[in-house]
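Please view the sequence and the model together.

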Amino acid sequence: MLLISVDTGEFDAEVSVNELKELVKTAEGETVAVIIQKRPKPDSVTFIGTGKLEEAKEICENSEIDVVICDGELTPTQGRVLEKLLKTRVIDRTVLILDIFAKNARSGEGKLQVELAQLKYSLPRLSGQGTALSRLGGGIGTRGPGETKLESDKRHIRRRIHTLEEQLKELSKRRRLHRERRKKDGIITAAIVGYTNAGKSTLLNTLADAEVLAENKLFATLDPTARSIKLPDGNEIMLIDTVGFISRLPHFLVEAFKSTLEEATNADILIILTDASDPECENQLEVTKEILKELSEEEKPMITVYNKCDIADSYLLPVTKNTVKISALRGIGIDSLLECIAENMPQTKKRVLLLIPFSEGRLANEIRTSSRILKEEYRDSGVFLDAVVDVNIMYKILDYIVKEE
C-alpha cells in the first residue's frame, strides 16, 4: 500500500504516518511506500500537488499498489480524481479505521455502531460516485455491514441511520439502567481508558483473570467488558475495559460510539493507561484527556498509569501522587496500582441500621426506592431497615440511625 500525507503543520505528520502504518498492519495490509508533502493545505482536487502526484503514479505503476491511503479525510471529489489518476482504489484514514472497527466488532451493539459510522461517512459521498458504489469485494476498506448499503439511495440510508440511532438509544437506556442499579447497590466502577494498544485488555486480564482478547493491534477491543475485583482494603470495585482512542478521531466516530464511551464517562474513577515505551507517550496521554473532556465535563478521580515500564526508560517518567508505573503483561507494579485505586475510592454508599417511625412512612419509602435493603422488619416503634444508602440522603436519616456499619 502507498500512504500519502500532507504536512500542513497542524500536527506532526511523521508521527501520524507511523500511526497510519500501524493501522495498516492491524488491517492485515503492508505499507510499500510513503509520500509526505509540505503544503499550507491539501489540494482541493488532488489532495497533493502535481509533482508528488506524478511520484505517486510512478510508485503505483512500478510496485503494483492495490490501495492508496491518504492520511486525512478526503472529499468525494478528491477520492474520485485520485482513483482516476492513480488507477487504483483510494481510501482515507477514516475508512481504514472503520474497516478495522468492522473487523473487530463482535457484539450486536458494536456491529450497529460500526454500521452507523459507515453510513454517516458514506452519506455525503454518495453524489456522483457512480459505479464506485457497486464495487464490492475483499480487501481493506470494504469490510463490514455498511458497504452493501452504499448502493441504496440517500433516503434509504437516512432511514437506516435513524433506525440504527433508535436501536442504539434503546441499548444506551439499558446501559443507564444497569449503571443506576450498580449505583443503588453501592458498586463503585473504574474505567480503564487510553490510547489504542496501550494494554487496557491486558491490564484487565491481569487484575481480574478476565480472559479478554488482548492483541498487539490497534482497536483490538471495541466492546466494553466489566469484571469485579477485590482491593487490598477488602472493598470491591467493578473494572470496565473500553474502546481505545486515537489522534484525529473524526467527531462522527466519537458520536457513533458514544453509548459505549458512556461507560467511561460515568465511571467513578478513571484509570488512564498509556504506553510508556512509545516515544509519543505524553502526546497520547493528552489526546486521551482531550477526548474525555469532550465527552464529559464532570470532575472525577484520575489515575495515570504508565504501562510497559519493563521495556521503557521508566526513570524518565513523571512521579506524582496519582501516577503509577506498571507492566500489565509481567504483573509489575500491580500492588501499587491497586493501593492507588483504593485511595481514590469515593464513598458514595454507607451501610446503616435504621428505625424509622411509622409516622415517617414517606421517608421509609424513599429509602426503599433509592437504597439496597438487606433486611426489613416491623417493630413496635417503627420499621427496622438494614440498608446500603446513598451518602446524599444521610442528612435525612441521621436521627433514625440505630448503628452504622
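## The four-stranded sheet

An open sheet is built from four strands in the order E2-E1-E3-E4, with parallel pairing. Strand E2 (33–38) and strand E4 (89–92) are its edge strands, each pairing on one side only. From one strand to the next the twist averages 20 degrees. Here helices (H or I, at least four residues) and strands (E, at least two) are DSSP runs, numbered from the N terminus. Two strands count as paired if DSSP finds at least two bridges between them. Strands of a sheet pair through backbone hydrogen bonds, either parallel or antiparallel.

The model is predicted: local features need pLDDT of at least 70 and side-chain atom pairs count only at pLDDT 80 or more, while totals for chains, interfaces and linings use all residues. Residues are numbered from 1 along each chain as its sequence is written, and side-chain values use heavy atoms, with hydrogens and water left out.

Strand E3 (residues 67–70) pairs with E4 in the parallel sense over four bridges. Val68 stands opposite Val90 in E4.

Helix H2 (residues 50–63) lies across strand E1 (2–7), E2 and E3, and runs at about 175 degrees to E2. Helix H3 (residues 76–86) lies across E3 and E4, at about 145 degrees to E4. Contact means heavy atoms within 4.5 Å. Axes are lines fitted to C-alpha atoms, for helices over the stretch in contact, and angles run from 0 to 180 degrees between N-to-C directions.

## The six-stranded sheet

Six strands form another open sheet, in the order E6-E7-E5-E8-E9-E10, and its pairing is mixed. Its edge strands, each pairing on one side only, are strand E6 (225–230) and strand E10 (323–325). The twist averages 25 degrees from one strand to the next.

E6 and strand E7 (residues 236–241) run antiparallel and are joined by six bridges. Arg227 stands opposite Leu239 in E7. Helix H10 (residues 281–295) packs on this sheet, touching strand E5 (188–194), strand E8 (269–275) and strand E9 (302–307), and its direction makes about 150 degrees with that of E8. Helix H11 (residues 334–343) also packs on the sheet, where it touches E6, E7, E8, E9 and E10; its direction makes about 170 degrees with that of E9.

## Cavities

There are two cavities of 30 Å³ or more. A cavity is a set of points, on a 1 Å grid over the protein atoms alone, where a 1.4 Å probe fits but cannot get out; lining residues have an atom within 4 Å of a point. Grid points are joined across faces, edges and corners, and a volume is the space filled by probe spheres set on the points.

The largest cavity has a volume of about 70 Å³. Its lining includes Phe101, Val243, Gly244 and Phe257, and divides into eight nonpolar, one polar and no charged residues. Ala, Val, Leu, Ile, Met, Phe, Trp, Tyr, Cys and Pro count as nonpolar, Asp, Glu, Lys and Arg as charged, and the others, Gly among them, as polar.

The second largest cavity has a volume of about 60 Å³. Among its lining residues are Arg179, Arg182, Lys183, Glu263 and Asp268. By class, this lining has three nonpolar, two polar and five charged residues. Helix H6 (residues 154–184) gives the most to it, with three residues.

## Salt bridges

The count comes to 20 salt bridges, each a side-chain nitrogen of Lys or Arg within 4 Å of a carboxyl oxygen of Asp or Glu. Glu170 forms one with Lys173, their closest N and O atoms being 3.3 Å apart. Both Glu170 and Lys173 lie in helix H6, three residues apart, about one turn of the helix.

Notes
1 Å grid on protein atoms, 1.4 Å probe; cavity = no way out; pocket = protein on both sides within 12 Å on 5 of 7 lines; lining within 4 Å.
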